[in-house]
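Subject: Structure handover

Hello,

Here is the structure I promised you. Please open it and keep it beside this email as you read.

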Amino acid sequence: GQWRISLAGGDRRGSMPLPGTLRKRKRAKAAETREAAAKKSCVSSEEVDVEREVAGGLVRIRDTAIGDGSRVARHKSSVEIAYKAFVGDRTIDRATRKEPYGFVVGSGEVVQGLSLGIKGMRVGGRREIVASHAVGYGVKGRPPKVPPRATIRFEVELLDVGAGFVVE
């Protein structure tokens with residue numbers, strides 16, 4: 001619609017966007033920003049045995065096998081993994097292919113370092129993830145298995161990726 005302002009020097013005319021148009025533009029811009037951030041947060045590579053850092057160096061990842069599946073683990077994806085978790089040379093936890101562990105990436109169900117390290121993996125891929133205590137079990141650890149300020153190493157195989165859901 002048109003708007004009109006009366007000033008001492010005369011009239012000024014212009015046009016304003018229709019109601020709701022600005023909101024739609026803001027929503028579209030926010031959606032583009034979220035999509036770009038999601039793509040940026042997915043760590044994927046076609047190279048094996050190349051170590052990369054994510055989360056400002058708090059997590060180091062190294063793909064030992066690239067998956068051949070078309071499904072990729074992303075934020076809020078439900079995943080099933082087989083894994084072993086180590087502190088030093090000691091195994092502290094595990095899940096097997098016969099009895100996999102499932103969780104939603106980014107939901108807080110697992111330590112943040114594992115969730116960050118899974119992003120970008122393809123089904124069938126294997127990855128070594130090393131997480132500092134800041135994105136692991138923290139300053140206090142999780143006695144008796146995880147000592148304070150422990151770095152945790154995960155050997156992970158991504159078995160399946162679903163659509164994902166989070167109960168709020």
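With which residue does Glu-128 form a salt bridge, the closest N and O atoms being 3.7 Å apart? The partner is Arg-153. Keep in mind that this is a predicted model.

Arg-153 is partly exposed, because its relative accessibility is 22% and buried means under 20%. Glu-128 has a relative accessible area of 17%, so this residue counts as buried.

Glu-128 also meets Arg-62 in a salt bridge, at 3.5 Å from N to O. This pair spans 66 residues and links strand S8 to strand S4, where Arg-62 sits. Arg-62 is partly exposed, at 23% relative accessibility.

Now put these pieces together. Arg-62, Glu-128, Arg-153 and Glu-155 form one network, joined by salt bridges that share partners.

The structure holds seven salt bridges. One of them joins the side chains of Arg-71 and Asp-160, at 2.7 Å from N to O. Again, distant parts of the chain are linked: Arg-71 lies in the loop between S4 and S5, while Asp-160 lies in strand S9, 89 residues apart. Arg-71 is partly exposed at 41% relative accessibility. Asp-160 is partly exposed too, at 30%.

Next, look at Asp-63 in strand S4. Is this residue buried or exposed? Asp-63 counts as buried, because its relative accessibility is 3%. Its side chain makes polar contacts with two arginine side chains. One is Arg-52, at 3.1 Å. The other is Arg-127, at 2.7 Å.

Last, the nonpolar core. In soluble globular proteins, nonpolar side chains tend to be buried together. The largest nonpolar core here has 29 residues. Which members touch the most others? They are Val-79, Ile-81, Leu-114, Ile-118, Phe-154 and Val-156. Several elements each supply at least two residues of this core: strands S4, S5, S6, S8 and S9, plus helix H2.

Take Val-79 and look at what surrounds it. Leaving out residues up to four places away in sequence, Val-79 touches Ala-73, Tyr-101, Gly-102, Phe-103, Val-105, Leu-158, Asp-160 and Val-161.

Best wishes

Note on methods. Residues are numbered from 1 along each chain as its sequence is written. This is a predicted model: local features need pLDDT of at least 70, side-chain atom pairs count only at pLDDT 80 or more; totals for chains, interfaces and linings use all residues. Side-chain values use heavy atoms; hydrogens and water are left out. A nonpolar core is a set of buried Ala, Val, Leu, Ile, Met, Phe, Trp, Tyr and Cys residues joined through side-chain atoms within 4.5 Å. Buried means under 20% relative accessible area, exposed over 50%, partly exposed in between (1.4 Å probe, protein chains only). Helices (H or I, at least four residues) and strands (E, at least two) are DSSP runs, numbered from the N terminus. Contact means heavy atoms within 4.5 Å. A polar contact is a pair of N or O atoms within 3.5 Å; within protein, one must be able to donate a hydrogen and the other to accept it, and residues adjacent in sequence count only if both atoms are side-chain atoms. A salt bridge is a side-chain nitrogen of Lys or Arg within 4 Å of a carboxyl oxygen of Asp or Glu.
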